[in-house]
Amino acid sequence: MEQQSARRAPSAPRGESEPDVIYAPHGLADGISALAAEPIFAAILKNAGPPRFRRRRNGFGTLLHIILEQQVSIDAAAKMYHRLVELCRPLAPATFLALDEATLRSCGFSRQKMGYARDLAAAVERGSFDFVRLAAAEDDAALADLLAIRGIGRWSAEIYLLFALGRTDVWPAADLGLQLAIAEQLGLGSRPTEVELRLRGEVWRPWRSVAACMFWQAYLHVRGRVAPRLPPELYA
């Protein structure tokens, strides 16, 4: 959701019907049922309702978008992505690698993100990174594969595991929105650090992804917001 700063995300109209939407993670309803026995989650469900974060596609475009999300707002990342898909058709590793630096800069890429994105595209193009293999891998192996890509840190990898692969037990403890939500919902005196939050999250295994989504739901509800909207082609 949010990595380094509390960033305002675009909102969907309240009450909009989306009958075919797939939500993240897998087993969301089962996880909610398992966690709802705890008073903190029962209160979130009562006050904010169940989490509704859409599943993203497993593929190059989604991971590239997560790179674009680093250190900027979701809205800004979406604008960069829209400019890119207008100039890179189809958006695939080979066509992306054919773009020159000036074109990427016109889309909003910094030099650093340009390097990260090109490294990712090259790895996918030569077959050393494969999204089908990634989806079939166990959580720890998938995390390691993602972290092996330059520019993909722990936060980016965990967000991908949760939202694109739908893994049920991911705990993105570096996420600022999650840290703020837990501080608010548990009445902590200060925002927990990543290390503190990783320890605290152990009690919610094997449904830590669902717990994270419920805390994010509470975070958005407190601020009068709803789940962010990404470019539609990124959704499963």
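1. Trp171 first. Leaving aside neighbours within four places in sequence, Trp171 is in contact (heavy atoms within 4.5 Å) with Glu158, Leu178, Ile182, Leu197, Arg198, Gly201, Trp204, Arg208, Ala211, Ala212 and Phe215.

2. A word on the basis. This is a predicted model, where local features need pLDDT of at least 70, side-chain atom pairs count only at pLDDT 80 or more, and totals for chains, interfaces and linings use all residues. Residues are numbered from 1 along each chain as its sequence is written, and side-chain values use heavy atoms, with hydrogens and water left out.

3. The largest nonpolar core has 75 residues. Such a core is a set of buried Ala, Val, Leu, Ile, Met, Phe, Trp, Tyr and Cys residues joined through side-chain atoms within 4.5 Å. Buried means under 20% relative accessible area, exposed over 50%, and partly exposed in between (1.4 Å probe, protein chains only). Phe96, Phe109, Phe129, Trp171 and Phe215 touch the most other members. Helix H13 (residues 208-222) gives the most to this core: ten residues. Helices here are DSSP runs of H or I, at least four residues, numbered from the N terminus.

4. Two cis peptide bonds deserve a look. One runs from Arg89 to Pro90, with omega near -5 degrees. Pro90 lies in the loop between helix H4 (74-87) and helix H5 (93-97). Another runs from Arg205 to Pro206, with omega near 0 degrees. Pro206 sits in the loop between helix H12 (194-201) and H13.

5. Gln71 is not a glycine, yet has a positive phi of about 70 degrees. Its place is the loop between helix H3 (60-69) and H4. Gln71 is exposed, at 55% relative accessible area.

Definitions and conventions:
Helix = DSSP H or I, 4+ residues; strand = E, 2+ residues; numbered from the N terminus.
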